[in-house]
Amino acid sequence: MNLSKCILVILLGISVNSFAQSSGIPIQSYNHVGLYVKDLQASAKFYREIVGLQPLNVPDNLLAIRRWFQIAPGQELHLLKGRQEPVTNNDKNGGHFSWTIPAKSADSIEAYLKEKGVAYHRQQRFDGAFQIYITDPDGYVIELNEPKVQ
């Protein structure tokens, strides 16, 4: 199973288990996702300048091989230098990860992506919410997901 599929399985398991867990490992929340990247500087620039994540301090002895970002309080993205092979089997219908964006923000996000020259795919979900898919420099697909339309 490739890394992106593992991340998806873990995130789905955590979100299900944190709300309906009756036995097993007592998961309290999502902590971080680590992505294995080829070019640490390019990936860090993408997540900092395009996505807008807040960089976190990394110990000096790890700066050459790690970058950390805050996604939300207590939730982080860790970039791990060392990828040799391209990301494979990672698309909007397969391995990807998803972040929630504010309701009715897809238009402004789409305009921002156009302004920055970032390729994307936008679609409306069955319940009326919009989803926008972008790809990071390594090929990881990120779904930007509006909440369900009520």
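**Exercise 1. What share of the contacts in the protein with a separation of 6 or more comes from residues 24 or more positions apart?**

Step 1. This is a predicted model, in which local features need pLDDT of at least 70, side-chain atom pairs count only at pLDDT 80 or more, and totals for chains, interfaces and linings use all residues. Residues are numbered from 1 along each chain as its sequence is written, and side-chain values use heavy atoms, with hydrogens and water left out.

Step 2. A contact means heavy atoms within 4.5 Å.

Step 3. Residues 24 or more positions apart account for 54% of these contacts.

**Exercise 2. Find how many helices and strands the protein has, and their order.**

Step 1. Helices (H or I, at least four residues) and strands (E, at least two) are DSSP runs, numbered from the N terminus.

Step 2. The protein has 3 helices and 8 strands.

Step 3. Along the sequence they follow the pattern α-β-α-β-β-β-β-α-β-β-β.

**Exercise 3. Look at helix α2: which of its residues are buried?**

Step 1. Buried means under 20% relative accessible area, exposed over 50%, and partly exposed in between (1.4 Å probe, protein chains only). In the protein, 33% of the 150 residues are buried.

Step 2. Helix α2 covers residues 40-50, and its buried residues are L40, S43, A44, F46, Y47 and I50.

Step 3. Now check both ends. At the start of α2, a side-chain oxygen of D39 comes within 3.1 Å of the backbone nitrogen of Q41. After α2 comes G52, with a positive phi near 90°.

**Exercise 4. Trace the surroundings of R67: which residues does R67 touch, not counting those up to four places away in sequence?**

Step 1. Find R67 in strand β3, residues 66-72.

Step 2. R67 counts as buried because its relative accessibility is 19%.

Step 3. Leaving out residues up to four places away in sequence, R67 touches L40, Q41, A44, V58, L77, H78 and L79. Among these, L40 and A44 are buried residues of helix α2.

Step 4. The side chain of R67 also reaches the backbone oxygen of L63 at 2.3 Å.

**Exercise 5. Compare two loop residues: is H96 buried or exposed, and is K104 buried or exposed?**

Step 1. H96 sits in the loop between β4 (75-81) and β5, while K104 is in the loop between β5 and α3.

Step 2. H96 is buried because its relative accessibility is 13%. K104 has a relative accessible area of 79%, so K104 is exposed.

Step 3. The side chain of H96 makes a polar contact with the side chain of E143 at 2.9 Å. A polar contact is a pair of N or O atoms within 3.5 Å; within protein, one must be able to donate a hydrogen and the other to accept it, and residues adjacent in sequence count only if both atoms are side-chain atoms.

Step 4. K104 is not a glycine, yet its phi is positive, near 60°.
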